[in-house]
Amino acid sequence: MADVKDPAIAEAYEKVRSDKDDETWALFDYEDDKSNKLKLTETGKGDIAEFASKLDDARASYGFIRVRYSNDEHSTREKFVFVIWIGSDVKVMRRARVSVHTADVKSVIRAFSMELKVSSKDELKEDVVVNQLRRLGANYDRSKFN
């Protein structure tokens, strides 16, 4: 079981979800290589690229991102993405525990449109993520109706 009791985790999640806060992402890491306790590592006000730049190939991490995108000049959408990051250099036992610990993390990070399990920063490029989000729901691009 992962320990997600640190109140900073829930607070960061709420800030990213809130329209009143500027935070657009939060990153959560294990305290150390042997620990099952998660901590808030960092929050940010930037885009997906900023979030991705904080990921470490030697770590397994979790993230929560607010993604803003427009379908056309008339509409903007916001969706939330839950990220499970397993860096390429993460040890086998940690990799195995992440799949079990994800359910515990979801007890705090509850509402999101899409879950991404990634091991390459290329999978977190904005155009890739936005295209996946568009496929999940209705695409209201009015230019296609002309």
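Visitor: How many residues apart are E14 and R110 in the chain?

Guide: E14 sits in helix α1 (residues 7-17), while R110 is in the loop between α3 and β5 (114-118). Helices (H or I, at least four residues) and strands (E, at least two) are DSSP runs, numbered from the N terminus. This pair links distant parts of the chain, and the separation is 96 residues.

Visitor: Before we go on, what kind of model is this?

Guide: Residues are numbered from 1 along each chain as its sequence is written, and side-chain values use heavy atoms, with hydrogens and water left out. Local features need pLDDT of at least 70 and side-chain atom pairs count only at pLDDT 80 or more, while totals for chains, interfaces and linings use all residues, and the model is predicted.

Visitor: Is R110 buried or exposed?

Guide: Buried means under 20% relative accessible area, exposed over 50%, and partly exposed in between (1.4 Å probe, protein chains only). E14, the partner of R110, has 41% and is therefore partly exposed. R110 has a relative accessible area of 53%, so R110 is exposed.

Visitor: How many salt bridges does the structure hold?

Guide: The pair E14 and R110 is one example. The count for the structure is 8.

Visitor: Which residue meets R66 in a salt bridge at 3.2 Å?

Guide: The 3.2 Å is taken from N to O, between the side chains of R66 and a residue named D19. R66 is in strand β3 (residues 60-72), and its partner is 47 residues away, in the loop between α1 and β1 (25-30). This pair, too, links distant parts of the chain, and the partner of R66 is D19.

Visitor: Is D19 buried or exposed?

Guide: Let's compare the two partners. R66 has a relative accessible area of 5%, so R66 is buried. D19 has 68% relative accessibility and therefore counts as exposed.

Visitor: What is the N to O distance in the salt bridge between E115 and K106?

Guide: E115 has a relative accessible area of 35%, so E115 is partly exposed. K106 is at 30% and therefore counts as partly exposed. Their side chains meet in a salt bridge with an N to O distance of 2.5 Å.

Visitor: Which residues is T102 in contact with, leaving aside neighbours within four places in sequence?

Guide: T102 belongs to helix α3 (residues 92-105). Its relative accessibility is 8%, so T102 counts as buried. The contacts of T102 are Y62, F82 and I84.

Visitor: How far apart in space are V108 and A8, C-alpha to C-alpha?

Guide: V108 is found in the loop between α3 and β5, and at 11% relative accessible area it is therefore buried. Leaving out residues up to four places away in sequence, V108 touches V4, I9, A10 and Y13. V108 and A8 are 100 residues apart in sequence, yet their distance in space is 11 Å.

Visitor: What distance separates the C-alpha atoms of K39 and F28?

Guide: K39 is in strand β2 (residues 38-44), and at 31% relative accessibility it therefore counts as partly exposed. Residues that K39 touches beyond four places in sequence include L27, F28 and D29. K39 and F28 are 11 residues apart along the chain, and their C-alpha atoms are separated by 5.5 Å.

Definitions and conventions. Contact = heavy atoms within 4.5 Å. Salt bridge = Lys/Arg side-chain N within 4 Å of Asp/Glu carboxyl O.
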